[in-house]
Amino acid sequence: MVGPPILFDLDGTLLDTLGDLADAANAARAALGLPPVTDAAVAPHIGWGLGHLLSHVLPEGLEDPLPTARAAFMAYYADHLLVRSTPYPGAEELMRRRRERFLGVVTNKPSRFVNPILAGLGWRFDVVVAGDTLSQRKPDPGPLLHALEGVDGRDDAIFVGDS
């Protein structure tokens, strides 16, 4: 292996997923009879978990809307993972030029979304740790340490993320 392993976050680091996440948030709003919001209204709430996102794109005072909204979001997003999502500049070249470098993805996104996204992009990683791989999620160090378990003789790594 050349150099230390490099582990990446996915959303906001390798892949701009705002459009698809905003569309899924709007599907959740539509399920409750609400009009859509802009991508800009959704953007600040990405990366903190689905509960946080939904609590900020739904108006206060609705009678327990989260189960309906969550189900609508998940169903829509599962079918629209790569409609408006695009790799950030340089990400595709990184995947082509990876050579003998150990690369991994450590994300809080559930594997039911991560695996199809990576397959759809044709991206291959040595290890993928999704949000449901362990009981811990980032920022807990557990997922990063888990990703490095398969790297023999290394006690160093580089983690690249957006927050």
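Tutor: A pocket, on a 1 Å grid over the protein atoms alone, is an open set of points where a 1.4 Å probe fits, with protein on both sides within 12 Å along at least five of seven lines. This is a predicted model, in which local features need pLDDT of at least 70 and side-chain atom pairs count only at pLDDT 80 or more, while totals for chains, interfaces and linings use all residues. Residues are numbered from 1 along each chain as its sequence is written, and side-chain values use heavy atoms, with hydrogens and water left out.

Student: What is the volume of the largest pocket?

Tutor: About 900 Å³, where a volume is the space filled by probe spheres set on the grid points, joined across faces, edges and corners. Of the 36 lining residues, Ile 46, Gly 47, Trp 48, Gly 49 and Asn 108 are the closest to the centre. A lining residue has an atom within 4 Å of a point.

Student: Which element gives the most to that lining?

Tutor: α4, with four residues. Helices (H or I, at least four residues) and strands (E, at least two) are DSSP runs, numbered from the N terminus.

Student: Why does Val 57 count as buried?

Tutor: Buried means under 20% relative accessible area, exposed over 50% and partly exposed in between (1.4 Å probe, protein chains only). Val 57 is at 5% relative accessibility, so Val 57 counts as buried. Val 57 lies in helix α3 and touches Ala 25, Arg 29 and Val 42, leaving out residues up to four places away in sequence. Contact means heavy atoms within 4.5 Å.

Student: Why are the buried residues of α6 said to line one face of the helix?

Tutor: Phe 113, Val 114, Ile 117, Leu 118 and Leu 121 are buried in α6. Seen down the axis of α6, they fall within an arc of 120°, so they line one face; the arc is that of the directions from the helix axis to the C-beta atoms. The face turned away carries the exposed residues Ala 119 and Gly 120.

Student: What do the buried residues of α6 pack against?

Tutor: β2, α4, β3 (86-87), α5 and β5 (127-129). Gly 122, with a positive phi near 75°, follows α6.
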